[in-house]
Amino acid sequence: MVGCAHGEGQFCPEQKQQPIMKTLLYAALALLSSCIPPHAHVHPDSDSPQKGIVSGRVVDTSGKPLANADIVVNNAQFYNNNILGKTDANGHYSLSVNAGSWYVRGTVTVRFDNKTYVLDLFPETTGAFAGSEGAIRNLRWKLTGEKPKEFGMSGHYGGSLDVYGAIGEFFDTDNVEFTFKPVGTLIDGSAGKTLTVKTGDENAQDIPLGKYTVTARYLPTNQSMLLRQRNASQSYKNSVTASFEPTYPGATGSYQLTLEVKLP
């Protein structure tokens, strides 16, 4: 106990100031601690990851911010253990992760030609990261190109062409050449270009998604062919105008155009 120089029973200013100083000190410490969140998120444009945080930026095919893209942070060790998020108006996201091994995937949902497409985004950095260390993972919308072959991902970002010959009438589908002429803009709003696609070639598996008028030519005889969409209750015509469909009912991230061909 602190004595008072003014004598017993006298008012002591030093004793009066002690509880006041303690109160002010506790208040200052409380205010300081409230300003430091337990998981302060690093700005997504930063090049330095923050422990326990995965963040990044998502852009469209022209490099502009992509808002409302779906982000999935998957656990690389345990099935169906993931963290979900969305990008903000500037294409940024930031999510807290626990210790463990994680990887990031993303999708963008687009309405085109009265259909809904759910498209896989391209991860600019592949591979898993340690949650305890955190990571920066940026993603991009691509119209074409091969998807990373890891964590169950495969295929291409573009749509594929699947060709059948008319039953009992035509069998040499390997020697058919198709011309794809875009109708309007592509799925991302950009201008497309006329494409020449041969059955079985690599580009037949990676066509930019859009709506096209398609014609066919039989190469050995240079004949124009008749064609139609398969299983669409159509008659054979000189051309087909169509957009891509899911590879199978309910499929996302994988789209194809299935055609039947025959000689006139």
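## A walk through the aromatic rings

Start by selecting phenylalanine 170 and tyrosine 218: both are buried (under 20% relative accessible area, with exposed over 50% and partly exposed in between, using a 1.4 Å probe and protein chains only). Before you move on, note that this is a predicted model, where local features need pLDDT of at least 70, side-chain atom pairs count only at pLDDT 80 or more, and totals for chains, interfaces and linings use all residues. Residues are numbered from 1 along each chain as its sequence is written, and side-chain values use heavy atoms, with hydrogens and water left out.

Now zoom out. Searching the whole structure turns up 7 aromatic pairs; rings of Phe, Tyr and Trp (its six-membered ring) pair if their centres lie within 6.5 Å, and planes under 30 degrees apart count as stacked, over 60 as edge-to-face and the rest as tilted.

Next, pick phenylalanine 122 and tyrosine 157. Their ring centres are 6.2 Å apart and the planes sit at 85°, so this pair is edge-to-face. Phenylalanine 122 is buried at 17% relative accessible area, and tyrosine 157 is buried too, at 7%.

Hop back to phenylalanine 170 and tyrosine 218: with centres 5.3 Å apart and planes at 85°, that pair is edge-to-face.

Which residues do ring pairs link into a cluster? Select Phe112, Tyr117 and Tyr255 and you have them.

Last stop, the charges. Show lysine 142, over the face of phenylalanine 122 at 4.5 Å from the ring centre (the cut-offs: NZ of Lys or CZ of Arg within 6 Å of the ring centre and within 35 degrees of the ring normal). Then show arginine 230, which lies over the face of tyrosine 164, 3.7 Å from the ring centre.
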